[in-house]
Amino acid sequence: MEIIGQFNKGFVVTKYKSDLFIIDQHASDEKYNFEDLCATTVLKTQPLIHPLDLELGAFQESVLYNNITCFSKSGFQFQFDEKLAPGKRAKLISVPMSKDWVFGKEDIEEMLHEIIESGTIPSNYRPSRVKQMLASRACRKSIMIGDVLTTRQMKKLVENMSTLCNPWTCAHGRPSIRHLFNENHIAFDSLL
């Protein structure tokens, strides 16, 4: 994409072939930061004083055991006692914590539900409350509306967007890019 310039200290106008686009500089940078945080953040864990029984069914416990890496990445640690009956083997021994955010059993249940429903879980999957926390962090560290950008910063913003899995909205759902018009259609319409 060719950089046309910045509009209203909040948007980058670009051109690709004969199409013009407008990019929300905050939303697109936030999405880039959010995807980076989701991929790289390993939450610190807080050991529990006493292991917590999870009260899972045998199938849920099996799903937990087979996807332990995903849970560990999100900051959960478990202990399994093979001597106990299936469904009673898993105990929560450590939970993720980050400043004012505390996570627990409901987040584990959400993750288990997602794995069971989808049959698989992406390696960068995070529970919804972890996503909320990461989205908040991504928002605060992103380029803001009102920031004047250099051409180099605008190019970097567009380059970052090309690396995203889903560049169309920010972590909070705000559109990050919009198609304005196609120059060929404008020229054709004006002939009518």
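Arg 129 counts as partly exposed, since its relative accessibility is 25%, and in this predicted model its side chain meets that of Glu 106 in a salt bridge, at 3.7 Å from N to O. Arg 129 lies in helix H5 (residues 128-140) and Glu 106 in helix H4, so the pair ties together parts that are 23 residues apart in sequence. A search of the whole structure finds six salt bridges, and the structure also holds four aromatic pairs.

**Salt bridges**

- Glu 106, the partner of Arg 129, is partly exposed, with a relative accessible area of 46%, and a network of salt bridges links Glu 106, Asp 107 and Arg 129.
- Side chains of opposite charge can pair when their charged atoms come close.
- In the salt bridge between Asp 24 and Arg 174, the closest N and O atoms are 2.6 Å apart. Asp 24 belongs to strand E3 (residues 19-24), while Arg 174 sits in the loop between helix H6 (151-161) and strand E8 (177-182), so this pair ties together parts that are 150 residues apart in sequence.
- Asp 24 counts as buried because its relative accessibility is 8%, which falls under the 20% limit, whereas Arg 174, with a relative accessible area of 35%, is partly exposed.
- Glu 183 and Lys 15 join their side chains in a salt bridge of 3.2 Å, N to O. Since Glu 183 lies in helix H7 (residues 183-191) and Lys 15 in strand E2 (residues 11-16), the pair ties together parts that are 168 residues apart in sequence.
- Glu 183 is partly exposed at a relative accessible area of 34%, and Lys 15 counts as partly exposed at 21% relative accessibility.

**Aromatic rings**

- The structure holds four aromatic pairs. In one of them, the rings of Tyr 65 and Phe 80 have their centres 5.0 Å apart and their planes at 90°, so the pair is edge-to-face.
- This pair links distant parts of the chain, with Tyr 65 in helix H2 and Phe 80 in strand E5 (residues 77-80), 15 residues apart.
- Tyr 65 is partly exposed, with a relative accessible area of 48%, and Phe 80 also counts as partly exposed, at 23% relative accessibility.
- The rings of Phe 71 and Phe 78 have their centres 5.9 Å apart, and because their planes stand at 85°, over the 60 degrees required, this pair is edge-to-face.
- Phe 71 counts as buried, with a relative accessibility of 0%, and Phe 78 counts as buried at 11%.
- One aromatic cluster is formed by Tyr 65, Phe 71, Phe 76, Phe 78 and Phe 80.

**Packing of helices H2 and H4**

- Two packed helices are described by the angle between their axes and the distance between the axes.
- Helix H2 (residues 58-66) packs against helix H4 (residues 105-118) at an angle of about 95°, and their axes are 10 Å apart. H2 and H4 are therefore roughly perpendicular to each other.
- From H2, the residues Phe 59, Gln 60, Val 63 and Leu 64 meet Leu 112, Ile 115 and Ile 116 of H4. By class, this contact of H2 with H4 has six nonpolar residues, one polar residue and no charged residues.

**Leu 48 in strand E4**

- Leu 48 is part of strand E4 (residues 45-53) and is partly exposed, with a relative accessible area of 28%.
- When residues up to four places away in sequence are not counted, Leu 48 touches Leu 92, Ile 93, Ser 94 and Val 95.
- Leu 48 and Asp 24 are 24 residues apart in sequence, and their C-alpha atoms are 43 Å apart in space.

**Residues with positive phi**

- Most residues other than glycine have a negative phi.
- Lys 17 is not a glycine, although it has a positive phi of about 55°. Lys 17 lies in the loop between E2 and E3 and is exposed, with a relative accessible area of 65%.
- Glu 55, likewise a residue other than glycine, has a positive phi near 55°. Glu 55 is found in the loop between E4 and H2, and at 69% relative accessibility Glu 55 counts as exposed.

Technical notes:
Residues are numbered from 1 along each chain as its sequence is written. This is a predicted model: local features need pLDDT of at least 70, side-chain atom pairs count only at pLDDT 80 or more; totals for chains, interfaces and linings use all residues. Side-chain values use heavy atoms; hydrogens and water are left out. Axes are lines fitted to C-alpha atoms, for helices over the stretch in contact, and angles run from 0 to 180 degrees between N-to-C directions. Helices (H or I, at least four residues) and strands (E, at least two) are DSSP runs, numbered from the N terminus. Angles under 35 degrees count as roughly parallel, over 145 as roughly antiparallel, 65 to 115 as roughly perpendicular and the rest as oblique. Contact means heavy atoms within 4.5 Å. Ala, Val, Leu, Ile, Met, Phe, Trp, Tyr, Cys and Pro count as nonpolar, Asp, Glu, Lys and Arg as charged, and the others, Gly among them, as polar. Rings of Phe, Tyr and Trp (its six-membered ring) pair if their centres lie within 6.5 Å; planes under 30 degrees apart count as stacked, over 60 as edge-to-face and the rest as tilted. Buried means under 20% relative accessible area, exposed over 50%, partly exposed in between (1.4 Å probe, protein chains only). A salt bridge is a side-chain nitrogen of Lys or Arg within 4 Å of a carboxyl oxygen of Asp or Glu.
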